[in-house]
Amino acid sequence: MSPADFSSLKLNTELLNNLKTLGYNAMTDIQAEALPAILDAKDVIAQGQTGSGKTAAFALGLLQKLDLKRFCIQSLVLCPTRELAEQVAKEIRKLGRGIQNIKVLTLCGGVPMGPQTASLEHGAHIIVATPGRIEDHLRKANLNLENLNMLVLDEADRMLDMGFQDALDAIIEQLPANRQTLLFSATFPEQIQSIAARIMHQPLTIQVLSTHDSNSILQHVYKVGEDVDRLTAVRLLLMRYNPQSVVVFCTTKRETQEVADELRRYGFSALALNGDLDQKDRDQTLTRFMNHSISVLVATDVAARGLDVDALDMVINYHFAHDNEVHVHRIGRTGRAGNSGMACTLYDEKEQYKLESLQNYLGQRLSSEALPSFDVLDQPIYIPPMTTLRIDGGKKQKLRPGDILGALTRDNGIAGDQVGKIQLAANWAYVAVNRELADKALTLLTDGKLKGRRFRVRRI
Ligand code: AMP
């Protein structure tokens, strides 16, 4: 038994067996450092980024602590976004699979309160939520948190960035003082330290700086300005490397829109992801990116939180991030799960000092490289392999992924392996299909029936 073996922990057998089935053979660094303290009921502050295994670190802690005989809310996990909350809930359910009858409920904004209130009446053990919505439920006295013994703040820095400080204060005020509190954050600005000091009890602080060995992410820096402007530099990099999935990080919402519009004008399959999108457009953009219908996502740091794409081939920083930790967080989105990743950063004369600061921070030398030659612009532009169809029917109409797959593949329709991700929301569904078969798929779905009914279907 090595020290990083889960069986060295005080975890119950169901959890341990399930970890084996899931192929979680060894603890990640953050798990190895945080879990012993978490399982010892200590308060823990951990610096963990997406990809570090932070979710399992707190999920195993709260699952182990759960007393199933008491059907009441025992744990609350607060996340900055709905996407992150959904991922966290999914991971908790996955890790808790070996334990019977665990009820995990997500409560996020952007959807009606009514169904959530009804679910709350049926009770739950674990709530994963965004702060604003919890505040709403508390105000309406829908939530009884008096038996809560575990609070997790996930991506705490992002919650503060999004202005959730007051909501967090209001929520925490209503929680039992005698609880365990875990705080996860990628960065530690002053505000986080002051929250931690106020709401935590002798916390243990754990720092796991990089989630990757730096060799797995190739970092390139390119100076722009005199000969080549930033947008042309992005085009050259995209044409040279043809990434299937790439995020271009910009500083402002407006810049994301401008860059995405320009890239589209040149024929790239690009969309902007920023805080100006409403929830529906945001979901749609993320869906299309994740199912490989678009290849370039132009995003702000805030909009990209919670973005969980395992196979991001490339990250392009349109400018240096405003701080080195944010830079490391951005580039950590590529090169996950042992894949090699590529991070390209553009900077100009005025940002030279940021390059120096990053090199000191990383203890690594980064020399500016020449951009790809303009010849690459003559080649054909990469076209993503899939297209997304939107069906105006979803879970409420009792549609299941199997119904959609069935309609596409029956009677010599299209082959199952030409159908990509199927995602169901309450009143609509998205299905990715091979781009070349999109018209056929559209006809199959429009003419054929789903659950005995016809639904409007269109290509987006
Ligand atoms: P996270 O940093 O929580 O977003 O986790 C990143 C990914 O790693 C998730 O897909 C987890 O399911 C996976 N993961 C977490 N811990 C382990 C582990 N010990 N072994 C293998 N995979 C893990």
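Residues are classed by relative accessible area as buried (under 20%), exposed (over 50%) or partly exposed (in between), using a 1.4 Å probe and protein chains only. By this criterion arginine 390, at 8% relative accessibility, counts as buried. The model is predicted: local features need pLDDT of at least 70, side-chain atom pairs count only at pLDDT 80 or more, and totals for chains, interfaces and linings use all residues. Residues are numbered from 1 along each chain as its sequence is written, and side-chain values use heavy atoms, with hydrogens and water left out.

Arginine 390 is located in strand β14 (residues 386-391). Helices (H or I, at least four residues) and strands (E, at least two) are DSSP runs, numbered from the N terminus. The side chain of arginine 390 forms a polar contact of 3.1 Å with the side chain of aspartate 392. A polar contact is a pair of N or O atoms within 3.5 Å; within protein, one must be able to donate a hydrogen and the other to accept it, and residues adjacent in sequence count only if both atoms are side-chain atoms.

The ligand is surrounded by 13 residues, of which the closest are Tyr24, Gln31, Gly51, Gly53 and Thr55. A residue is near a molecule or strand if one of its heavy atoms lies within 4 Å of it. The shell around the ligand comprises 3 nonpolar, 7 polar and 3 charged residues. In this division Ala, Val, Leu, Ile, Met, Phe, Trp, Tyr, Cys and Pro count as nonpolar, Asp, Glu, Lys and Arg as charged, and the others, Gly among them, as polar. Helices α3 (54-65) and α4 (82-95) each contribute at least two residues to the shell.

A polar side-chain atom of tyrosine 24 is 2.3 Å from a ligand oxygen, and an N or O atom in the side chain of threonine 55 is 2.4 Å from a ligand oxygen. For serine 52, a backbone N or O atom lies 2.9 Å from an oxygen atom of the ligand. The ligand taken alone exposes 500 Å², and the protein buries 74% of that. Accessible areas come from the Shrake-Rupley method with a 1.4 Å probe; for residues, only the protein chains shown count as cover.

Aromatic geometry was examined next. A pair of aromatic rings is described by the distance of the centres and the angle of the planes. Rings of Phe, Tyr and Trp (its six-membered ring) pair if their centres lie within 6.5 Å; planes under 30 degrees apart count as stacked, over 60 as edge-to-face and the rest as tilted. The structure holds 2 aromatic pairs. In the pair of phenylalanine 320 and tyrosine 347, the ring centres are 5.9 Å apart and the planes stand at 45°, so the pair is tilted. Phenylalanine 320 lies in the loop between β12 (314-317) and α13 (324-331) and tyrosine 347 in strand β13 (residues 341-347), so the pair ties together parts that are 27 residues apart in sequence. Both phenylalanine 320 and tyrosine 347 are buried.

The ring of tyrosine 266 has the charged end of arginine 235 over it, 3.6 Å from the ring centre. The charged end of arginine 265 also sits over the ring of tyrosine 266, at 5.1 Å from its centre. A charge sits over a ring if NZ of Lys or CZ of Arg is within 6 Å of the ring centre and within 35 degrees of the ring normal.

Positive phi values in residues other than glycine occur at glutamate 155, near 50°, and at histidine 292, near 70°. Glutamate 155 belongs to the loop between β5 (150-153) and α7 (156-161) and is buried, with a relative accessible area of 4%. Histidine 292 belongs to the loop between α12 and β11 (296-299) and is partly exposed at 22%.

Valine 104, in strand β3 (residues 104-107), is buried with a relative accessible area of 8%. Aspartate 375, in the loop between α14 (352-362) and β14, is exposed at 55% relative accessibility.
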